[in-house]
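Reader: I'm new to reading protein models. Could you take me through this one and tell me what the words stand for?

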Amino acid sequence: MFTIEHDFDATVITLVDEAPPGTRPLNEDVVILNFDDRVVIEQMEPDGDGVSRIVLTMEQLNELRLALNLPEGNYRLVRP
């Protein structure tokens, strides 16, 4: 399950981990904050003492999107 909310300066997507009861432990929700110039991915630490945060530029996000469909190897995008 996921939710999408539009705030003043960002779109907030929350990914909720779901599984049939008793099949596996659930992970904390993943919150994705999409700004004009960056994407921030956040998730509570398993012990609840903090938040792990990853910040990607739009270029890094595009490279990640492309990398999900490529075989193993080294790649460099040529920008016009």
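This is a predicted model: local features need pLDDT of at least 70, side-chain atom pairs count only at pLDDT 80 or more; totals for chains, interfaces and linings use all residues.

Reader: Which residues make up the largest nonpolar core, and what makes it a nonpolar core?

Author: The residues are A10, V12, L33, F35 and V40, five in all. A nonpolar core is a set of buried Ala, Val, Leu, Ile, Met, Phe, Trp, Tyr and Cys residues joined through side-chain atoms within 4.5 Å. Buried means under 20% relative accessible area, exposed over 50%, and partly exposed in between, with a 1.4 Å probe and protein chains only. Residues are numbered from 1 along each chain as its sequence is written, and side-chain values use heavy atoms, with hydrogens and water left out.

Reader: What is V40 in contact with?

Author: Contact means heavy atoms within 4.5 Å. Leaving aside neighbours within four places in sequence, V40 touches V31, I32, L33, F35, R53, I54 and V55.

Reader: How many strands does the sheet have, and what is their order?

Author: There are five, in the order β1-β2-β3-β4-β5, with antiparallel pairing in an open sheet. Strands here are DSSP runs (E, at least two residues), helices are too (H or I, at least four), and both are numbered from the N terminus.

Reader: Why are β1 and β5 called edge strands?

Author: β1 (2-6) and β5 (51-57) each pair on one side only. Two strands pair if DSSP finds at least two bridges between them.

Reader: How do you know that β4 and β5 pair?

Author: They share seven bridges, in the antiparallel sense, and the rule asks for at least two, so they pair. One example is Q43, which stands opposite S52 in β5. β4 and β5 form a hairpin with six residues between them, and G48 in the turn has a positive phi of about 80°.

Reader: What about β3 and β4, how many bridges join them?

Author: Five bridges join this antiparallel pair, and V30 has Q43 in β4 as its bridge partner. The hairpin from β3 to β4 goes through three residues.

Reader: How does the chain's radius of gyration stand against a compact globule?

Author: The chain has 16 Å, whereas a compact globule of 80 residues would be near 12 Å. The radius is taken over C-alpha atoms, and the globule rule is 2.2 Å times the number of residues to the power 0.38.
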